[in-house]
Amino acid sequence: MLNKLLKFIFTLGIIALILSGCGPKDDEPTSTESKSGDVPEKPAKLVVWEDQDKGIALEYAIASFEEKYGIEVEYKEVDLAKMREQLRLDGPTGSGPDIYTIPHDNIGPSVTEGLIAPLTDIDQNILNAFTDSSIEAMTYNGQLYGLPKTTETPVFIYNKAHMQSPPETLDELFEFAKDFTKGDQYGFLSLWDNYYFAHGVLGAYGGYVFGDTDGVPNREDIGLDNEGAIEGLEFIQKWYKEGLFPRGIVGESGGATITGLFSEGKVAAVMDGPWAFQGYRDAGIDIGVAPLPPLPNGERIATFSGVKGWHVTSFSNNKYWAQKLVEHITNEENAKYRFESTAEIPPVKSLIDSSPISEDEGSRAVALQSQYGIPMPNIPEMSEVWAPMASALQLVATDQLEPEAALKQAVEQIHANIEANH
């Protein structure tokens with residue numbers, strides 16, 4: 001009887017083995033996938049490409065990740081401007097990174113080129129930690145392609161020798177500038193003939209670059225010649241008509257002109273970004289920094305915000321663990337350490353009103369202004385917007401065209417550029 005029972009059990013085992021080998025193998029996981037509920041095998045090492053001179057901020061996060069997960073992490077500093085180009089070369093050969101960092105307006109082109117992979121199954125609590133605009137910046141065609149690392153946007157910078165505190169409104173600033181501006185002395189200067197800076201005004205009045213269709217930018221819907229955009233450009237126009245902006249700030253040399261005048265103490269206030277803080281201080285200017293004051297319509301200037309993020313590359317064989325690393329290095333503790341070691345401002349809600357960001361006037365101003373900001377569109381078609389809009393703004397600044405005509409001409413050119421190149 002015992003022998004019959006053993007034979008029966010043995011026969012069942014053989015049948016089970018045969019059946020297990022007969023199922024479709026398409027469902028079996030690759031090295032980067034997990035069976036339902038299972039975690040992929042840990043890699044021996046993950047590789048990160050970081051921006052130049054910013055690696056110090058990674059070392060702290062890497063140490064805690066290695067301790068928690070037992071995975072070695074190696075980082076390499078690469079010129080941010082060359083990061084995407086380098087990945088195109090190294091990724092296909094297997095010598096590229098598992099994760100890398102790029103500005104958010106590189107996301108659309110990177111997806112189109114097959115360089116980065118979408119993040120999957122991100123816990124909502126992780127997403128809730130970041131400002132809404134920074135998560136929007138990491139999203140392309142409705143999918144999340146990274147987590148935010150740092151944010152920057154133009155703010156109001158003033159010389160405390162000329163202005164004790166920032167004005168409450170832009171109307172107040174306009175009146176101040178009319179009284180203060182004389183000779184080579186100016187009350188306020190901004191590169192409003194450059195669309196990067198001018199968008200803040202046009203956007204706050206209701207202008208927009210691309211409309212939104214189900215969460216996806218619609219390149220056919222361009223709102224840069226609507227009533228709001230025209231009204232915004234009319235507000236900009238009056239600064240030029242009143243002679244409050246010198247002709248020398250129109251065109252490519254405008255940025256250098258503003259920087260020089262403010263550094264010489266000849267300007268009371270400027271609209272500029274955090275990249276300018278140290279240079280102004282080195283020039284001996286006692287600067288104050290604040291969010292930009294509201295426009296006459298009561299709206300905050302909707303500055304373009306730039307967000308750098310961490311992204312899993314399409315070439316990684318360890319996407320699950322690479323995403324774990326992205327989640328880890330962007331958490332509150334590691335984001336705070338990045339700020340302390342590099343002064344880069346993380347768009348993490350809990351840090352905006354807490355030490356050390358709240359104690360740094362410039363960083364707090366950038367963090368607050370970023371909440372009013374709009375991420376630059378990250379679709380490839382955005383490249384067709386800059387030149388036509390610069391032309392329109394400069395035609396108005398030099399009194400060659402009225403705002404409505406200039407903007408309609410620009411939008412026609414943008415449509416033509418998109419049709420021709422995309």
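This is a predicted model: local features need pLDDT of at least 70, side-chain atom pairs count only at pLDDT 80 or more; totals for chains, interfaces and linings use all residues.
Is Asn141 buried, partly exposed or exposed? Residues are numbered from 1 along each chain as its sequence is written, and side-chain values use heavy atoms, with hydrogens and water left out.

**Figure 1. The whole chain, before zooming in.** The C-alpha trace spans about 110 × 45 × 35 Å along its principal axes. You'll find 17 helices and 14 strands here; helices (H or I, at least four residues) and strands (E, at least two) are DSSP runs, numbered from the N terminus. Of the 422 residues, 50% are buried, where buried means under 20% relative accessible area, exposed over 50%, and partly exposed in between (1.4 Å probe, protein chains only). Take the contacts with a separation of 6 or more: 75% of them join residues 24 or more positions apart. Contact here means heavy atoms within 4.5 Å. The chain exposes about 19,700 Å², and carbon and sulfur atoms supply 48% of that; the areas come from the Shrake-Rupley method with a 1.4 Å probe, and for residues only the protein chains shown count as cover. As for charge, there are 31 positive and 64 negative side chains, with the centres of the two sets 6 Å apart. Lys and Arg count as positive and Asp and Glu as negative, with His and the chain ends not counted; each charge is placed at NZ of Lys, CZ of Arg, CG of Asp or CD of Glu.

**Figure 2. Helix H3 and what covers it.** H3 runs over residues 83-90, and its buried residues are Met83, Arg84, Leu87 and Asp90. Looking down the axis of H3, these buried residues fall within an arc of 135 degrees, so they line one face of the helix. That arc is taken from the directions from the helix axis to the C-beta atoms. Their cover includes strands E1 (45-51), E2 (72-78) and E3 (99-103), along with helix H4 (107-112).

**Figure 3. Two aromatic pairs that bridge the sequence.** A pair of aromatic rings is described by the distance of the centres and the angle of the planes. Rings of Phe, Tyr and Trp (its six-membered ring) pair if their centres lie within 6.5 Å; planes under 30 degrees apart count as stacked, over 60 as edge-to-face and the rest as tilted. That rule gives 25 aromatic pairs. One of them, Phe188 with Trp239, is edge-to-face, at 5.5 Å centre to centre with 65 degrees between the planes. Phe188 sits in strand E8 (residues 186-189) and Trp239 in helix H9 (residues 227-241), so this pair ties together parts 51 residues apart in sequence. Phe188 is buried at 1% relative accessible area, and Trp239 is buried at 0%. Tyr196 and Phe304 make a tilted pair, 6.3 Å centre to centre and 35 degrees between the planes. Since Tyr196 belongs to helix H8 (residues 195-204) and Phe304 to strand E13 (residues 304-312), the pair ties together parts that are 108 residues apart in sequence. Tyr196 is buried at 16%, and Phe304 is buried at 0%.

**Figure 4. An aromatic cluster.** Phe188 and Trp239 turn up again here, in one cluster with Phe156, Tyr158, Phe174, Trp192, Tyr205, Phe235, Tyr240 and Phe245.

**Figure 5. Met271 and its contacts.** Met271 lies in strand E11 (residues 267-272) and is buried, with 3% relative accessibility. Leaving aside neighbours within four places in sequence, Met271 touches Pro154, Val155, Phe188, Leu189, Ser190, Trp192, Phe197, Leu292, Ile301 and Thr303. Ile222 is 49 residues away along the chain, and its C-alpha atom is 26 Å from that of Met271.

**Figure 6. Two positive phi angles in loops.** Most residues other than glycine have a negative phi. Asn141, though, has a positive phi near 50 degrees. Asn141 lies in the loop between strand E4 (139-140) and strand E5 (143-144), and at 42% relative accessibility it is partly exposed. Asp121 also isn't a glycine, and its phi is positive at about 50 degrees. Asp121 is in the loop between H4 and helix H5 (124-128) and is exposed, at 78% relative accessible area.

**Figure 7. Ser133 and its contacts.** Ser133 is part of helix H6 (residues 132-137) and counts as buried at 13% relative accessibility. Neighbours within four places in sequence aside, Ser133 is in contact with Ser370, Gly373 and Pro375.
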